Amino acid sequence: MMSNDSFRHKGLRNRLVQEVRRKGITDERVLDAIGRVPRHLFMDSSFVKLAYKDQAFPIGQGQTISQPYAVAVQTELLQVQPGDQVLEVGTGSGYQAAVLAEMGADVFSVERQKRLYEKTSRLLSSLKYKKVRLFLGDGYEGLPAFAPFDKILVTAGAEEMPSSLLVQLKPGGLMVVPLGKSDQTMTRVKRINEDDFEQETFGQFAFVPMLKGIAK
Ligand code: SAH
């Protein structure tokens, strides 16, 4: 991996970390993880020079690699602890999954686009991210076979609360999901116990939509 990751990339990454910090991220473990993941390898080659700008970019199939700041906000809200079992909905480029793995999480990530699932599977195994397991499927269904999870992270905009996922959360667990149609309100749900959930919101973001079923 490091043969494709130079001091120049590392320098650009440090500046990205400073920018994300300036925008309000304070969890040093999140900032360290962003500083370690070689984002340029998660993007199409034509965009490599832009890899360390704090912007979302196209990754094919009409999808995007999320803006680093949005990745940082979601990761910080998730309060990831080493050893956490984390379900991610929307693998996309695999960048967010790599950030979670760098924080010590066991990541189970679901993607509905076959080509992205295949491309990202190859990338993450070449980068030796062994703590990330990828699945082709509809994230609305979660992964019942691996539930319950400590944390659930939805990286696509859901029009309504995906309540099918809430039942896959452990008591005490957290789910972070951007909720809304044209733009989304970052929302965190805590499962207090078997029956009770608590909800908080954290500002507006723009994500690609969470869609039902596996793409044709
Ligand atoms: N976490 C990604 C962000 C990708 S954008 C990254 O770091 O690059 C959101 C992704 O969610 C897209 O790849 C999209 O295809 C996927 N997606 C949308 N709805 C989904 C669903 N119901 N199940 C699984 N993946 C979904």
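Where does the ligand sit? Hi everyone, that is my starting point today. The ligand sits in the largest pocket. A pocket here is an open set of points on a 1 Å grid over the protein atoms alone, with protein on both sides within 12 Å along at least five of seven lines, and a molecule sits in one if more than half of its atoms lie within 2 Å of its grid points.

Before we go on, this is a predicted model, where local features need pLDDT of at least 70, side-chain atom pairs count only at pLDDT 80 or more, and totals for chains, interfaces and linings use all residues. Residues are numbered from 1 along each chain as its sequence is written, and side-chain values use heavy atoms, leaving out hydrogens and water.

Now the polar contacts, meaning pairs of N or O atoms within 3.5 Å. A polar side-chain atom of E111 is 2.6 Å from an oxygen atom of the ligand. Nitrogen atoms of the ligand come up too: one lies 3.0 Å from a polar side-chain atom of D138, and one is 3.1 Å from a side-chain N or O atom of T155. On its own the ligand has 580 Å² of accessible area (Shrake-Rupley method, 1.4 Å probe), and the protein covers 99% of that.

Strand 6 runs parallel to strand 3, with four bridges joining them, and L87 has I152 as its bridge partner. Thanks, everyone!

How values were computed: Pairing = 2+ DSSP bridges. Helix = DSSP H or I, 4+ residues; strand = E, 2+ residues; numbered from the N terminus. Polar contact = N/O pair within 3.5 Å; in protein donor to acceptor, adjacent residues only side chain to side chain. 1 Å grid on protein atoms, 1.4 Å probe; cavity = no way out; pocket = protein on both sides within 12 Å on 5 of 7 lines; lining within 4 Å.
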